[in-house]
Amino acid sequence: MPVGTVIETTEAETISGERIALPGGGGLLHLQFRRFAGCPICNLHLRSVVERHAEIAAAGIREVVFFHAPADDLRPYVADLPFAVVPDPDKTFYRRFGVESGLRSMGPRAWGAIARGFLLVAGPMARRRRPAPKFKPHGGQLGLPADFLIAPDGRVLAAKYGDHAYDQWSVDELLTLAATPHHEPNEPGTPA
């Protein structure tokens, strides 16, 4: 989805059954598209977002995270996250935003994150506080991440499509993008 595109307002249902408006909410919206339920790489990234969630919220950014998994599959892994998590097992929103899958998701540039992600979840799995990810997860293992920063009017301000499974905005990158002045599409001095 190109920068400058205006997305139509829609609703999504979170794992808790809450209906949320997209964009809606009055501030900036950060849509994250992650992979499957229990994905150790996604968990690694989302922990960094959780650690700095107060800072993200203070910057006027609302987080909404999509997974291509059913709600029941997601709950054991994401129930403690302090932001909206949306199950999208049919990949409806993934298609709408052009988020893809591919073999490159598990390429060499992702290997370090794969190892760190598994180390992060190994303890909770061993203590039976967290289930192991499924070997064949719903929607497959080859999903690629994507990030979108969206204005209250639905305009896509910034977008990132990951080249591999751990290629997404860091919290610092997100905060920098949110602090960047964003011009109206037809404002004088800006590209049309």
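Two strands count as paired if DSSP finds at least two bridges between them. The model used in these exercises is predicted.

**Exercise 1.** Find the order of the strands in the open sheet, and state which strands stand at the edges.

*Solution.*
Step 1. The open sheet is formed by 5 strands, in the order S5-S4-S3-S6-S7, with mixed pairing.
Step 2. S5 and S7 (156-161) each have a single partner strand, so one side of each has no neighbour in the sheet. These two are the edge strands.
Step 3. From one strand to the next, the twist averages 15°.

**Exercise 2.** Describe how S4 and S5 are joined, and which helices lie across S4.

*Solution.*
Step 1. S4 (residues 61-67) and S5 run parallel and are joined by 4 bridges.
Step 2. Within this pair, Val 65 is opposite Val 85 in S5.
Step 3. Helix H1 (residues 40-51) lies across S3 and S4, at about 165° to S4.
Step 4. Helix H3 (residues 71-78) lies across S4 and S5, at about 150° to S5.

**Exercise 3.** Decide whether Thr 14 is buried or exposed, and list what Thr 14 touches.

*Solution.*
Step 1. Thr 14 sits in the loop between S1 (10-13) and S2 (19-22).
Step 2. The relative accessible area of Thr 14 is 5%. Buried means under 20%, so Thr 14 is buried.
Step 3. Leaving out residues up to four places away in sequence, Thr 14 touches Ile 20, Ala 84, Val 85, Val 86 and Pro 87.

**Exercise 4.** Find the backbone exceptions at Pro 23 and Lys 91.

*Solution.*
Step 1. Most residues other than glycine have a negative phi, and most peptide bonds are trans.
Step 2. Leu 22 and Pro 23 are joined by a cis peptide bond, with omega about 5°.
Step 3. Lys 91, not a glycine, has a positive phi of about 60°; Lys 91 is in the loop between S5 (84-87) and helix H4 (92-96).

Methods
Residues are numbered from 1 along each chain as its sequence is written. This is a predicted model: local features need pLDDT of at least 70, side-chain atom pairs count only at pLDDT 80 or more; totals for chains, interfaces and linings use all residues. Side-chain values use heavy atoms; hydrogens and water are left out. Buried means under 20% relative accessible area, exposed over 50%, partly exposed in between (1.4 Å probe, protein chains only). Contact means heavy atoms within 4.5 Å. Axes are lines fitted to C-alpha atoms, for helices over the stretch in contact, and angles run from 0 to 180 degrees between N-to-C directions.
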